[in-house]
Amino acid sequence: MAIVAVTLGAAAPLTTVAGAVPSAFAVTGLVPLSAAFIVVGAVLALFATGYVRMARLIRNPGAFYAYVRHGLGVPMGLATALIAVLGYGAFVSAAFGGLGAAAEGFVAAEWGSSPPWWAWSLAGWILVTVLGVLRVDLSGWVLMALLAAETAVVLLFLVVNVSHPASSGSLPVAVSWSPRALLVGGAAVLMVLAVTAFTGFEATAVFTEEARNPASTVPRATWLTLGLMTAVYALSAWAITVAAGPRGVVTYAQHHAGDTVFALAAQAVPSMIVTVARGLFVTSVFAALLSFHMFVSRYLFALGREGVLPPALGRAGLRSGVPRNASLTVSAVGLIVVAIYAVGGWDPLLSLFYCGGALGGFAVLLLITITACAVVVFLARRPEIRPRRGAMIASAISAVTLGAVVVLAVLHFDVLLGVAPTDPLRWVLPGAYGVVAMVGIAWAAYLRKTRPEIYAQLGFGVHAPPRNVARVTAAGHPQSASARASAGEAR
């Protein structure tokens with residue numbers, strides 16, 4: 001449950017329901033968002049079939065990086081690792097901006113004035129820095145408490161909205177739930193926005209070395225997280241449609257923007273509850289910040305332990321197993337980002353929260369697509385693994401579907417950012433992943449040539465062979481001393 005709390009904390013249900021759902025209505029002008037969540041949830045369930053299979057076979061906090069390395073080779077593995085670090089790091093930076101802006105707005109609305117946004121971001125930074133070096137179950141308890149509170153608010157708003165339909169006695173179903181309603185222009189953007197809302201569910205595997213029984217814990221946490229996300233998002237989107245009316249929900253969302261959910265609830269519940277809900281919106285952003293901080297620190301830990309990054313990043317606490325150095329490094333980068341935006345006087349909401357969130361969401365979309373391909377290749381090369389056919393088929397279907405969504409995301413990145421079609425950011429930000437991918441591939445080539453003993457160990461984590469006996473085969477896999485001797489005799 002601690003892992004579920006961390007991953008759901010990254011998804012930030014209240015932030016998604018109060019922020020992403022109204023934005024999807026307003027940006028696309030389409031109503032069938034519930035159907036989009038169901039379809040995306042089904043596709044991600046196909047992906048998770050192979051993903052949890054890999055989690056049972058490969059224990060590595062680098063998750064995506066390790067799975068891609070074993071399926072598609074070391075160069076693609078390192079490219080994936082750098083994409084993950086950049087993407088999750090973008091989420092951390094975005095959350096600092098969102099936390100500061102949300103806290104400043106909430107306090108100013110309730111008490112008339114507030115310290116500047118960066119003061120709230122610094123307060124969040126201190127908490128994240130302390131919690132980031134504690135055991136995952138301790139941080140998980142904090143996240144479970146915050147998650148329980150915001151989930152209660154989401155469920156309350158859901159019930160209130162359904163019980164107060166815009167049209168008396170009318171509960172629109174077909175327009176919200178039918179997949180056929182997605183066969184209209186603009187549905188591509190709706191699907192992309194729906195995929196980004198699920199960000200976080202995939203991160204259960206980064207805790208495989210900290211879970212007491214990873215073979216069962218990680219799969220259960222993954223399925224439970226994905227199921228809860230799908231249900232909450234789809235039902236909440238439908239409830240908003242009921243309360244605002246299928247013909248008026250788009251206009252309502254465009255007018256009220258991020259205040260849509262709270263404005264609808266204010267018509268039926270006491271103002272005190274709405275005030276508490278607005279406060280929990282702030283803690284929801286903090287929960288996402290803490291969760292993504294934990295994700296990226298574990299990727300840095302995995303890369304440091306294997307010699308790709310400085311070895312100091314690969315050191316963990318003897319009792320807790322927490323990657324302290326990596327966590328403190330992430331905190332240092334976060335502090336620098338907050339300082340730069342504060343000194344520069346830049347908008348923490350538009351230029352940091354929205355842009356960073358879009359950049360991070362696109363990274364997760366890339367990561368799960370590449371990993372789905374890696375699962376297919378890995379299982380195809382391992383006929384001794386049983387069962388595997390079902391996981392291969394499910395992963396292949398998800399890879400094709402998600403690949404199409406990647407293309408749509410690139411073509412409509414200006415919509416995700418909320419900028420003009422001619423804005424260079426629409427190409428610069430997604431193009432950044434192409435650059436870091438090439439850096440990862442080049443770094444892999446360098447390691448293979450200059451440090452083959454490290455190259456051979458990449459992706460194996462704690463199960464890597466000793467460096468003094470490992471060599472690299474043509475396929476990039478380690479070869480033991482006995483295997484080399486046998487090969488020499490055969491020659």
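This report walks through the core, a surface patch and the salt bridges of a predicted model.

## Ground rules

Residues are numbered from 1 along each chain as its sequence is written, and side-chain values use heavy atoms, with hydrogens and water left out. Since the model is predicted, local features need pLDDT of at least 70 and side-chain atom pairs count only at pLDDT 80 or more, while totals for chains, interfaces and linings use all residues.

## The nonpolar core

Let's start inside. The largest nonpolar core has 157 residues; a core here is a set of buried Ala, Val, Leu, Ile, Met, Phe, Trp, Tyr and Cys residues joined through side-chain atoms within 4.5 Å. Buried means under 20% relative accessible area, exposed means over 50%, and partly exposed is in between (1.4 Å probe, protein chains only). Leu33, Phe37, Tyr88 and Phe198 touch the most other members. Helix α13 (residues 271–305) gives this core its largest share, 18 residues. Helices are DSSP runs of H or I with at least four residues, strands are runs of E with at least two, and both are numbered from the N terminus.

Take leucine 33: leaving aside neighbours within four places in sequence, leucine 33 is in contact (heavy atoms within 4.5 Å) with Val21, Ala24, Phe25, Ser176, Leu190 and Ala237. Serine 93, in helix α5 (residues 74–111), is buried because its relative accessible area is 15%. Not counting residues up to four places away in sequence, serine 93 touches Val337 and Leu352.

Helices α6 (117–132) and α7 (136–163) are the elements that give two or more residues to it. Valine 130 sits in helix α6 and, at 47% relative accessibility, counts as partly exposed.

## Two salt bridges

The count comes to two salt bridges, each being a side-chain nitrogen of Lys or Arg within 4 Å of a carboxyl oxygen of Asp or Glu. Arginine 278 and aspartate 259 pair up at 2.4 Å, N to O. Arginine 278 is in helix α13 and aspartate 259 in the loop between α11 (249–256) and α12 (260–266), 19 residues apart. Arginine 278 is partly exposed at 26% relative accessibility, and aspartate 259 is partly exposed at 26%.

Arginine 426 and aspartate 414 meet at 3.7 Å, N to O. This pair links helix α18 (residues 425–450) with helix α17 (residues 413–417), 12 residues apart. Arginine 426 counts as buried at 9%, and aspartate 414 counts as buried at 10%.
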